[in-house]
Amino acid sequence: MWKSARKLQQKEQKQWKKTAMKKIAEQDWSVKKVLVEISRDHSWELSLTERDDWKTTLRKHFEAIFNKQQQGEVAAKMHAILHRLSCLCKQTAWKPFTMEALKAILPHPIWRERLREIFNDMLYTARIEESIEAGATVRLARMAHDWGLEFYIAKLDIRKAFDSVFQESLAQHVSEVVGERGGQPWEVRAWVSLVHADKIAVQVAGESVPVQQSNGGSRKSCGFGCTGCQGWGEHMDDNYIWSTSRRHLQHLLKDLSERLPRQGLHLHPIKTDIIHNDEGKVTVEVAGQTVAAKGPHHIIHVLGSPLSFHGGTAGSLV
């Protein structure tokens, strides 16, 4: 009897998660919050929050990591970089995105037009719409599932984190190399707007604790690209690549495993998470170790949002 009850419970939980992921894909954020919360282990929060001054302690801890510089000085340097880029923009013709540039990402005319409008607005105003962060990957995964196409998404973890990087140094380097020498000030100006962050919010025990920030990568900064049938994206030290071919995915992983160490960076095979939309067994080599890919029901987090081929995503849809 207990075995039957257990099986019934597991079946109901599976169905609930499936329904929840469908609602999340329709941007039901309340369901997303519930799903994320129940999947976490909150036991550590008890020891953290039992003291009356736990918020102050938490804030001091994180500000010792993320607020090592004077915010005013950082803001002034970032403003100077943006001003110089704006001057370069006046001397450089603005080249809006075209349908040809986006057709490799999304064949659907409605979504393609929506993306084109968002990208053009982003380049021209240097304001980043939040929904841009996960949209392209979400649509690609969804279409691959609906149309029965072979598709792989690999979330990569790079061992070296970016919590201490100086935002203005990062912005200055990209400004000089890509904006000035590369002749792409419009693109760099939008990117620099993403890099600068003066605060983060730490979520603990259902409460949001604001933390001042002057160094470390922005939690809103992300990127993605697409060429033909494969692409890439990044968020902080989490990166992901996708491909419609297992052979090509392996080629990308091999190439990254060889190139990253030259920059002092290394892939973390154990933390690498790969999903594919086939029920069969698939393995790939990551930094010399064999990693098994998960099936279409497995959930990975892309740019902070859960994603699966069957369930959709909790992220903002473009």
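On helix α4, the exposed residues Lys 60 and Ala 64 lie on the face turned away from the buried side of the helix. The model is a predicted one, and in it the buried residues of α4 include Trp 54, Leu 58 and Phe 66. These residues cover an arc of only 85° around the axis, and therefore they sit on the same side of α4. The packing partners of the buried residues of α4 are α3 (43–49), β2 (199–204) and β3 (207–212). As for its length, α4 comprises 13 residues (54–66), which at 1.5 Å a residue should span 18 Å, and this agrees with the 18 Å between its end C-alpha atoms.

A nonpolar patch on the surface is formed by Trp 16, Val 34 and Ile 38, which together have about 280 Å² of accessible area. Of these residues, Ile 38 belongs to helix α2 (residues 29–38). Leu 265, by comparison, is located in the loop between α11 (246–259) and β7 (273–276). The table sets out the accessibility of Ile 38 and of Leu 265.

| Residue | Relative accessibility | Class |
|---|---|---|
| Ile 38 | Ile 38: 52% | Ile 38: exposed |
| Leu 265 | Leu 265: 14% | Leu 265: buried |

Ile 38 counts as exposed because its relative accessibility is 52%, the cut-off for that class being over 50%; Leu 265, with a relative accessible area of 14%, is buried, since that class requires under 20%. Finally, although Leu 265 and Ile 158 are 107 residues apart in sequence, their C-alpha atoms are 6.5 Å apart in space.

Definitions and conventions. Residues are numbered from 1 along each chain as its sequence is written. This is a predicted model: local features need pLDDT of at least 70, side-chain atom pairs count only at pLDDT 80 or more; totals for chains, interfaces and linings use all residues. Side-chain values use heavy atoms; hydrogens and water are left out. Patches are made of residues with over 30% relative accessible area and no salt bridge: like charges are joined within 9 Å, nonpolar side chains (Val, Leu, Ile, Met, Phe, Trp, Tyr) within 5 Å. Accessible areas come from the Shrake-Rupley method with a 1.4 Å probe; for residues, only the protein chains shown count as cover. A salt bridge is a side-chain nitrogen of Lys or Arg within 4 Å of a carboxyl oxygen of Asp or Glu. Helices (H or I, at least four residues) and strands (E, at least two) are DSSP runs, numbered from the N terminus. Buried means under 20% relative accessible area, exposed over 50%, partly exposed in between (1.4 Å probe, protein chains only). The expected span of a helix is 1.5 Å times one less than its number of residues. The arc is that of the directions from the helix axis to the C-beta atoms. Contact means heavy atoms within 4.5 Å.
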